[in-house]
Amino acid sequence: FLTPRGGGRAGPRLKEVLCHALGHTQVYDLQDHRPGKVLRRIFDNLAQAEAAGDARASYFRRHLRILAAGGDGTVAWLLGTIADLKLDPPPHVAVLPLGTGNDLSLSFGWGNTFLSQWLENFASVYDLLRRIAEAQPRELDCWRVTISAGGKDFFENLPYSLQPVEQPTHGYQVSGCFWNYMSVGIDAAAAHGFHSLRERRPWAARGRLINQAWYSYYGFATGWMFGAPPIRNTLTIKVRRQAGGEMEEVAIPPEVKAVVVLNLQSYAGGRDVWGLDTDPTKLTRLGFQVPIFNDGLLEVVGLKGGVHTGVVMTGATHIHAVRLAQVPELLISLRSSSEKKPFTHMQLDGEPWKQAISGPLHPENEFTVHVKQAAVSHMLCNDEKLRGMARKVQLLAAREAAVSAALPPQQNSVSVRDNSQLWSPNSLPTNYGATEKATAQHVVQHSSSDDPKTLAAASKDATSRVTV
């Protein structure tokens with residue numbers, strides 16, 4: 001499944017190449033084909049063939065793999081469709097990055113940008129398809145978001161990922177899932193500004209770097225640098241730290257302007273906002289553990305003003321976002337302190353929207369956001385280095401592959417596991433050399449993604465030059 005307008009000018013060329021390599025019956029343009037109808041028809045056809053005694057049909061159904069050629073939104077759309085259809089077994093999904101952020105693609109070793117060299121010749125196309133065929137299965141936590149409000153009028157402009165709940169337990173409710181992140185505040189306001197621009201003037205947002213520049217512009221325009229009020233004026237967070245435990249409120253510092261709930265360790269195009277370079281023993285003392293996308297936990301962080309956020313986003317220092325919590329369940333309550341602006345901005349897996357919330361004149365209209373793990377989705381993790389990707393991208397991919405491989409399957413249950421000793425030399429990419437393995441092992445041990453001093457120390461005894 002591909003989005004032909006993604007990846008700048010690469011989309012149409014990619015569609016042509018894949019049609020030649022796989023045949024038109026295996027390549028679907030998402031502008032023309034809804035993935036739900038396609039997958040339902042494929043599985044129905046395979047079921048009929050199995051019933052007729054075709055042994056190959058059973059094999060194809062059990063080994064079917066999907067390539068999502070697009071951004072994080074495309075991947076989330078496919079994962080949601082697979083979950084809604086209750087396909088048995090659920091197909092695993094690989095990614096070809098054609099979006100702006102591409103955090104899911106980066107986290108599973110497929111890179112953070114599309115490289116034209118992947119389509120240079122028949123050999124490079126074959127190599128791309130071979131990597132997908134040989135990629136290793138991984139679980140990805142799927143989180144259920146349920147938003148409750150006093151009435152239907154609170155939900156006039158919803159993203160496609162949220163749908164009304166047929167039998168609400170409280171007032172009027174909408175619900176959906178996310179795999180990357182959810183955010184509330186100035187961060188989502190900036191994303192909403194860019195999203196609105198792209199809808200009005202698609203010609204102005206035609207490339208990854210240009211899109212990121214627009215994000216920066218809207219960050220300034222929404223008051224991130226100056227004048228944004230503390231998010232705690234409108235938001236409170238309660239968390240449940242373990243199953244059966246009581247909900248407890250989390251203290252939010254006054255300088256925090258936005259709250260981000262993370263499932264991935266890559267945010268906004270590869271940014272490390274949690275601080276993966278922190279020593280695991282220090283994390284333990286602070287009440288946290290080494291994060292990974294299949295541990296049954298969410299990381300809740302706060303972003304301060306524009307200067308702090310800008311430094312965090314550059315990744316050039318050890319400064320990270322404010323760690324607020326690491327939990328399997330949370331409840332956010334929102335209330336405007338001003339009747340003139342009874343709204344905020346929210347974002348779910350890259351889909352931003354303007355959200356009406358309760359005002360001071362109507363305290364009975366409680367507005368809450370409940371997040372809890374729904375199940376696990378099934379991804380494919382590339383365990384080979386990708387030529388042309390930056391060292392930082394390679395190292396984060398190696399870390400994610402090693403840490404996630406050390407966790408046992410969840411089998412669709414909610415479980416919180418100890419990640420203090422997760423790395424294993426056998427889990428690292430198969431084509432890493434001795435120096436690269438030594439470096440990657442240190443990265444996993446110390447949860448470091450891009451610190452050159454740490455990398456140099458890791459390989460000091462092996463070689464005088466680190467090449468990853």
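What is the mean pLDDT of the protein, and what share of its residues reach 70 or more? The mean is 79, and 74% of the residues reach 70 or more, pLDDT being the predictor's confidence in each residue on a scale from 0 to 100. This is a predicted model, in which local features need pLDDT of at least 70 and side-chain atom pairs count only at pLDDT 80 or more, while totals for chains, interfaces and linings use all residues. Residues are numbered from 1 along each chain as its sequence is written, and side-chain values use heavy atoms, with hydrogens and water left out.

**Confidence**
- Over residues 411-468 the pLDDT is below 50; beyond near neighbours in sequence, this stretch has 113 contacts in the model, a contact meaning heavy atoms within 4.5 Å.
- Where pLDDT is low, the predicted coordinates should not be read in detail.

**Open sheet**
- Six strands form an open sheet with antiparallel pairing, in the order E11-E10-E9-E6-E13-E14. Helices (H or I, at least four residues) and strands (E, at least two) are DSSP runs numbered from the N terminus, and two strands pair if DSSP finds at least two bridges between them.
- Strand E11 (322-327) and strand E14 (351-356) each have a single partner strand and stand at the edges, so one side of each is left without a neighbour in the sheet.
- On average, neighbouring strands of this sheet are turned by 20° against each other, direction ignored; axes are lines fitted to C-alpha atoms, for helices over the stretch in contact, and angles run from 0 to 180 degrees between N-to-C directions.
- Within the sheet, strand E6 (residues 181-185) is joined to strand E13 (residues 343-348) by three bridges, and Met182 has Leu348 of E13 as its bridge partner.

- Strand E15 (residues 367-381) runs antiparallel to strand E3 (residues 136-149), with 13 bridges between them; Trp143 is partnered by Gln373 in E15.
- E15 is also joined by six bridges to strand E12 (residues 329-334), again antiparallel, and Ile332 stands opposite Val369 of E15.
- His378 lies in strand E15.
- Leaving aside residues up to four places away in sequence, His378 touches Leu79, Pro90, Pro91, His92, Val93 and Arg138.

**Loop between H4 and E2**
- Pro89 is in the loop between helix H4 (72-85) and strand E2 (92-97), and a cis peptide bond with omega of about -10° joins Asp88 to Pro89.
- Lys86 lies in the loop between H4 and E2 and has a positive phi of about 55° although it is not a glycine.
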